[in-house]
Amino acid sequence: MSFKEQGKWWVSPANYDPEVTKSYHFPQQIEILDTTLRDGEQEPGIIFTKEDKIEIAKKLDAIGVTRIEAGCPLTSPEDAEAIKAICNLGLKAKIFCFVRGVISDIDAAKECGVDGVIIEVPGSEQMLQGGMRWGMEKAVKAAAEATRHAHEQGMIVSFFPSDASRSNIEFLSALISGILKSNGHLDSIVLVDTFGAFSPEGAELMTKQLISRFNIPIEAHFHEDFGLSIPTTIAALKAGAFCAHVTVNGIGERAGSCPLEPLVMSLRCLYGQDLGIKYDQLLTLSQDVAQRSGKPVPPTKAIVGHRLFGWETGLPTGYWAKSRDVNPLIMMPYHYSFTGQPAPHIYIGKKSGSANVALVNERLGLPPVEDKGLITELLAKVKVLSLKLKRDLSDEEYIKIYNEVTEG
């Protein structure tokens, strides 16, 4: 892998320096579990219908997501029907659902036909005693019975100790050890950062501790409360976690969940980890989920914002004009087409220069303006209107000024 791949990306060579990469312990294959249909929908105001869930699941499978958390069958009858329908699609991805550590929940999951279950039991002392009013013995008994029953029913078992990141490692280890000693069955342990409370260093340490103590595969489920869900997730993967939990567009409770799009692009371009994702379909997936969730994507959101590629300021626009036919990657970290984005759009407004005039005229099919005096006059009028409107100009607004100046 390289920091520069022709037509795809061009990032810092320091990322691939042996001094940096020698500490990496990425698994041979990183899996993605997308929980848009469960954790993403838990964001207040987002409602997915059965049809929404089916269509999103199809798109997730089409881009190469390996695990889909289709919902919680106990949420509503429609959710249970949606999970069943997704299981019957014949997708390549394994289908999971989210359940409590309760036998009846496991049976409901089995009835839906899922490949696996994500079984939640509080994983911190404060959540267990303050949130559930349970003691350790009760938690161990419930989790052991539920995980064992799920395994006996032929399902993959991911143990989900909520708020694990804020747990004392000895407390969390005692909970897991108790489940195993009570004949519970754990195919994997999800390191759950319910409140986005991990630093990257903390996530790395706790991942290493769990792997060394239990030798059970670790998944990373991290939230965005401090804006660090991507670096904390990558830190866990670097330490040996095999699966990252994400949502499309990062939707989810409070600040949201780890966003799929920048995570997989960061892993591919910055860390040399190819997840087998169809990266050029990330934009259309994002747009579909935005429409179905009713939550618009910010225009300059990493990877999927619709105003991400383009310039209004004169200096970078000039650089682009000179470099676009030589190598577009001189002016961007990854090629826009790599994620399905259109070519950069040149805006015109308060910060613009003569390069903007030339490129906007080219795009609109207007005759070029050669006279420097006319360019100066045109830009002056553009800047006055842009400042008044507090935005860049629309094509119609620019054409009106262009005609006034050139015809005059």
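A residue is called buried when its relative accessible area is under 20%, exposed when over 50%, and partly exposed in between, with a 1.4 Å probe and protein chains only. By this criterion Ser257 is buried, because its relative accessible area is 4%. Ser257 sits in the loop between S10 and H11. Its contacts (heavy atoms within 4.5 Å) include Asp39, Phe222, His223, Glu224, Ser229, Thr247, Gly250, Ile251 and Gly252, not counting residues up to four places away in sequence.

The model is predicted: local features need pLDDT of at least 70 and side-chain atom pairs count only at pLDDT 80 or more, whereas totals for chains, interfaces and linings use all residues. Residues are numbered from 1 along each chain as its sequence is written, and side-chain values use heavy atoms, with hydrogens and water left out.

**Overall architecture**

The protein has 16 helices and 12 strands; helices (H or I, at least four residues) and strands (E, at least two) are DSSP runs, numbered from the N terminus. Of its 408 residues, 53% count as buried. Taken along the principal axes, the C-alpha atoms fill a box of roughly 85 × 50 × 40 Å. Among contacts between residues at least 6 apart in sequence, 72% join residues at least 24 apart.

**The barrel**

Eight strands form a closed barrel in the order S3-S4-S5-S6-S7-S8-S9-S10, with parallel pairing. From one strand to the next, the twist averages 25 degrees. Strands are taken to pair if DSSP finds at least two bridges between them.

The bridge partner of Asp34 in S10 is Val246. Val121 stands opposite Pro161 in S7, and Ser158 stands opposite Ser188 in S8. Strand S7 is largely enclosed by the rest of the structure, because six of its seven residues are buried.

**Helices against the barrel**

Axes here are lines fitted to C-alpha atoms, for helices over the stretch in contact, and angles run from 0 to 180 degrees between N-to-C directions. Helix H10 (residues 229–238) lies across S9 (218–222) and S10, at about 170 degrees to S9. Helix H11 (residues 260–269) lies across S3 and S10, at about 175 degrees to S3.

Nine of the 10 residues of H10 are buried, so this helix is largely enclosed by the rest of the structure. Among the buried residues are Ser229, Ile230, Thr233, Ile234 and Lys238. The buried residues of H10 pack against helix H9 (200–214), S9, S10 and H11. Just after H10, Gly240 takes a positive phi of about 120 degrees.

**Nonpolar cores**

In soluble globular proteins, nonpolar side chains tend to be buried together. A nonpolar core is a set of buried Ala, Val, Leu, Ile, Met, Phe, Trp, Tyr and Cys residues joined through side-chain atoms within 4.5 Å. The largest such core has 118 residues, of which Ile32, Val114, Val117, Leu260, Leu263, Leu282 and Tyr398 touch the most other members. Helix H7 (residues 136–152) gives the most to this core, with seven residues. A second, separate core of nine residues includes Leu33, Phe96, Ile118 and Phe160.

Leu263 touches Ile32, Ile230, Thr233, Ile234, Ala244, Val246 and Cys258, not counting residues up to four places away in sequence.

**The largest pocket**

On a 1 Å grid over the protein atoms alone, a pocket is an open set of points where a 1.4 Å probe fits, with protein on both sides within 12 Å along at least five of seven lines; lining residues have an atom within 4 Å of a point. Grid points are joined across faces, edges and corners, and a volume is the space filled by probe spheres set on the points.

The largest pocket has a volume of about 610 Å³. Its lining comprises 37 residues, of which Arg38, Gln42, Phe98, Glu120 and Glu253 lie nearest its centre. Elements that give two or more residues to the lining include helix H2 (36–40), helix H3 (50–63), strand S5 (94–100), strand S6 (116–122) and strand S7 (156–162).

**Positive phi in two loops**

Asn183, in the loop between helix H8 (169–181) and S8, has a positive phi near 65 degrees although it is a residue other than glycine. At 56% relative accessibility, Asn183 counts as exposed. Arg254, in the loop between S10 and H11, is not a glycine but has a positive phi of about 55 degrees. Arg254 counts as partly exposed, at 42% relative accessibility.
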